[in-house]
Amino acid sequence: MKATTVPLQRLASFPRVRIQLRHATALLCLTLFISICGSASAASDGRLLATGGATQIEGSAGGGLVPWAVLTGYATRDEIGVTAFATHVEVEDFGLDSLGVAINLRNRVELSAARQRLDLGPVADELGMPGYSLRQNVFGIKVRLAGDVIYTPWPQLALGAQYKDSLDGAIPLALGARDDHGTDVYLSATKLFLGAAGGRNLLLNGTLRSTSANQLGLLGFGGSGEGRSLQAEVSAAILFTPSFAAGIEYRQKPDNLDVASEDDFRDLFIAWFPNKHVSTVLAWVDLGSIANHDRQRGWYLSVQVSP
Amino acid sequence: MTKCATAGRIHVLALTVLLAACATPQSRAPLYDQFGKLEGLNAVVDGLVERIHANAQIAPLFANTDMARFHQLLVEYLCMTIGGPCTYTGEELVEVHTGLDITEAEFNSLVEDLIDVMQERNIPRAAQNELLARLAPTRKDIIYQ
């Protein structure tokens, strides 16, 4: 975390450096990813099915909207694993695509990179920019601090950060956001309680996030009001079989912009883990009000694959 | 306000549905009976031993194991774990596994075999999970010893 995000933020205050940095960072990440993939040991499937979760909307291992303390894929302390994901969310007036890759280093550190694209729909027309979308890159790191989601009596604990950088920062700034980039820091606790839900396994997750992101950062960071704040996120799921789960999530969000109020996110999901190479999450989501368009409800579909 | 209330209600409903499963009282037979007593346990361990031999990842770990004795001790251990009328006559788990340096992946591979066998033997899912819950704390005594 120290090695990447801190210098990034410092450099980011110089616009020209920052533009080059975006490409450099992306290239560096890709190179690192591919080289580590190439040298990764053949086996990276040593953990039990579903214990890597899915990939949440910002590219970290988790449920749909909430990052969990689990690390992506199935690598154990002796293994290195990689995953890739694609997610599409379709609500009343907006579409959101998220695409990315992640690597699990010995079930201790997870590095992730994702690109989000918010299709502005009618808002683009209102702005006189039909077909316009807002894009941002999200670079994540998550470190497992302690515990195992199944085997230890205490939950698995992880500390994570998501550095987010808008590629279309002019609009968030015009809307009153203080910044077009920012870093979320979160602490997650996740535990699978074997047989706790009427004989079925129960997964509970709690995440506490420090953030200034408006609508995940797609509408910039901060505003005229409070900047960084603590937000709570929770998930609960029942595994009806080792490969099939259903659950709910709630993600509290800040409300920094004067021009548009922001609501908490929530979803109901089903997840299917046919094997350790593929997982699919289908959800009904309620994203509340986005850019003054209320009742943004709809569907969420996410697929994760790993070699 | 109405919107929030409606959304809130939907979530309360969902939560209720999800948690109803937890609260539903189940008139369950004792765990030992759900496994089919000693006969059922013997069948589970038979199946597990077959799978161990067929599992290239963990078969080498049993190269020097007296499988007849392993079979007997595992039945005793599982029987005791699920509240059956048995006494485990083997050594402490740490001692048994010392020197094997069993990895997390190898441990989980055996757990997967066990889950598959229990499913194949039609052990109820809740009983399977209860056994796994009781076995989970032993992992620390088994891996990387």
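In the predicted model, buried residues account for 21% of the 145 residues of chain B. The secondary structure of chain B consists of 8 helices and 0 strands, and along the sequence these elements give the pattern α-α-α-α-α-α-α-α. Among the contacts in chain B with a separation of 6 or more, 75% are between residues 24 or more positions apart.

Chain B also touches chain A. In this interface, 26 residues of chain B are in contact with 28 residues of chain A. At least two residues each of the side of chain B that touches chain A are supplied by helix H1 (2-23), helix H6 (104-120) and helix H7 (125-135) of chain B. H1(B) provides the largest share of this side, with 8 residues. Sorted by class, the side of chain B that touches chain A comprises 14 nonpolar, 6 polar and 6 charged residues.

In chain A, 12 strands close into a barrel. Their order is S3-S4-S5-S6-S7-S8-S9-S10-S11-S12-S13-S14, and the pairing is antiparallel. On average, and with direction ignored, neighbouring strands of this sheet are turned by 20° against each other. Strands of a sheet pair through backbone hydrogen bonds, in either a parallel or an antiparallel manner. One antiparallel pair in chain A is formed by strand S10 (residues 229-241) and strand S11 (residues 244-251), which are joined by 8 bridges. Within this pair, A:Val234 has A:Tyr250 of S11(A) as its bridge partner. The sheet is also a site of packing for chain B: H7(B) packs on it and touches strand S8 (181-197) and strand S9 (200-211) of chain A. The direction of H7(B) makes about 110° with that of S8(A).

Backbone geometry was examined at two residues, one in each chain. Most residues other than glycine have a negative phi. A:Arg295, although not a glycine, has a positive phi of about 50°. A:Arg295 is located in the loop between strand S13 (278-286) and strand S14 (297-305) of chain A. A:Arg295 counts as partly exposed because it has 17 C-beta neighbours inside 10 Å, whereas a buried residue would need 20 or more.

In chain B, B:Lys37 likewise is not a glycine and has a positive phi of about 50°. B:Lys37 belongs to helix H3 (residues 37-54) of chain B. With 15 other C-beta atoms within 10 Å, B:Lys37 is partly exposed.

Methods
Residues numbered from 1 in each chain as written. Chains lettered and ligands numbered in written order. Predicted model: local features only at pLDDT ≥ 70, side-chain atom pairs only at ≥ 80, totals over all residues. Helix = DSSP H or I, 4+ residues; strand = E, 2+ residues; numbered from the N terminus. Buried ≥ 20, exposed ≤ 12 C-beta atoms within 10 Å, placed from the backbone. Contact = placed C-beta atoms within 7 Å. Nonpolar A, V, L, I, M, F, W, Y, C, P; charged D, E, K, R; others polar. Pairing = 2+ DSSP bridges. Axes fitted to C-alpha atoms, helices over the stretch in contact; angles between N-to-C directions.
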